[in-house]
Amino acid sequence: MWSPSRIYSRASTIFNIYINDIQNIPIESNVLSFADDTTMFTTGINLPNLYEKANTDLQHIYEWLCANRLSLNVNKTKYMIFGGGNNLDNNNLKLQINNINIEHVSEKKQSKSIKFLGIYIDEKLTWKYHINHTNKKIAHATFGINRVKHFFPLKTLKILYHTLVQPHLTYNMIIWGNPNNAMTNKTFLLQKKAIRAINKANYNAHTDPLFKQNKLLKFTDLFTLEAMRFFVKLKTHKLPISFNGIFPLNNDIHPHRQTRQSHLFAVKPSKSTLTKNLPCNCLPKLWNQCKSNNGNTMNTHQLNKKYLFLVKNKLLNDYDANVLCTNHYCRQCH
């Protein structure tokens, strides 16, 4: 007897095989598919050029769908324009599929963000909508933990934390969770409320000892660990081949100039806060910093789960387990 999950898995596999050649459509845009969720992205030198290219490619995709007897739900199809300029909205330009307008998601429109594989994306890549969504999830989870904390031991409450709070913090954290983004400060405060809840501590209890005794990382250090986990997979070739070449080493850019920095990732200079906080810039900086701090302990053959365990312990050791601050307005401690 087949279970529903097995039937769904087989049906999903067959569907993926069926639409696999969508990548072969002769268009200028790039196509990214995940199960039945397909995204097209393209670039242009200006807005008219961008719309012209996108409309032409959408027409080719529509013809391919018709030829393969597949239907497209235009009502669920949306588009967004990314760019550094402020004038990204032009009411005279439209994207269409089969002469039906596609909804433009923008800060100036009714829909302000797009949910893409569980991440809420806005046109300025501030991640504020996803951060707000995450904060609500953590707040609701903490409320539930507070309601039941007097009925369960710490071990059970930690399970609740790892089930209801931690997944929201770590899901694609390296994309949206840059600690330099001021909007994540509230996320950190909510995490500390959750830590106090599972430890049945006072509302103004110092959280460093609680994090340390429960072997849990603060938001900023959790971001560091997740970044290291990503680069361990990258260095050990456990990521899809599409990640190859995204983070070149200094040695790749300047092969004839051997310096102490040759083995580190190249970091492009950033003129704006937006580009500086993007993963392509902030993650290599973080890896380079950790590699410099750890010296020879970061050889490629040592990059494994044990290394991540050592990184976590080193971060935990920086927490002060003895200081107890009762000043609720001390932002450094609370």
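View 1. Trp287 is buried, with a relative accessible area of 1% (buried means under 20% relative accessible area with a 1.4 Å probe, protein chains only). The model is predicted: local features need pLDDT of at least 70 and side-chain atom pairs pLDDT 80 or more, whereas totals for chains, interfaces and linings use all residues. Residues are numbered from 1 along each chain as its sequence is written, and side-chain values use heavy atoms, leaving out hydrogens and water. Phe231 is also buried, at 0%. The two rings form a tilted aromatic pair, 5.4 Å centre to centre with 45 degrees between the planes (rings of Phe, Tyr and Trp, the last by its six-membered ring, pair if their centres lie within 6.5 Å; planes under 30 degrees apart are stacked, over 60 edge-to-face, the rest tilted). Phe231 lies in helix 9 and Trp287 in helix 12 (residues 279–294), so the pair ties together parts 56 residues apart in sequence (helices are DSSP runs of H or I, at least four residues, numbered from the N terminus).

**View 2. A cluster of aromatic rings.** Ring pairs link Phe230, Phe231, Phe243, Phe247, Phe265 and Trp287. In the whole structure, eleven aromatic pairs are found.

**View 3. Lysines over aromatic rings.** Lys192 lies over the face of Phe188, at 4.4 Å from the ring centre. The charged end of Lys218 sits over the ring of Tyr319, 4.7 Å from its centre. For such an arrangement, NZ of Lys or CZ of Arg must be within 6 Å of the ring centre and within 35 degrees of the ring normal.

Methods
Helix = DSSP H or I, 4+ residues; strand = E, 2+ residues; numbered from the N terminus. Buried < 20%, exposed > 50% of the residue type's maximum accessible area, 1.4 Å probe, protein only.
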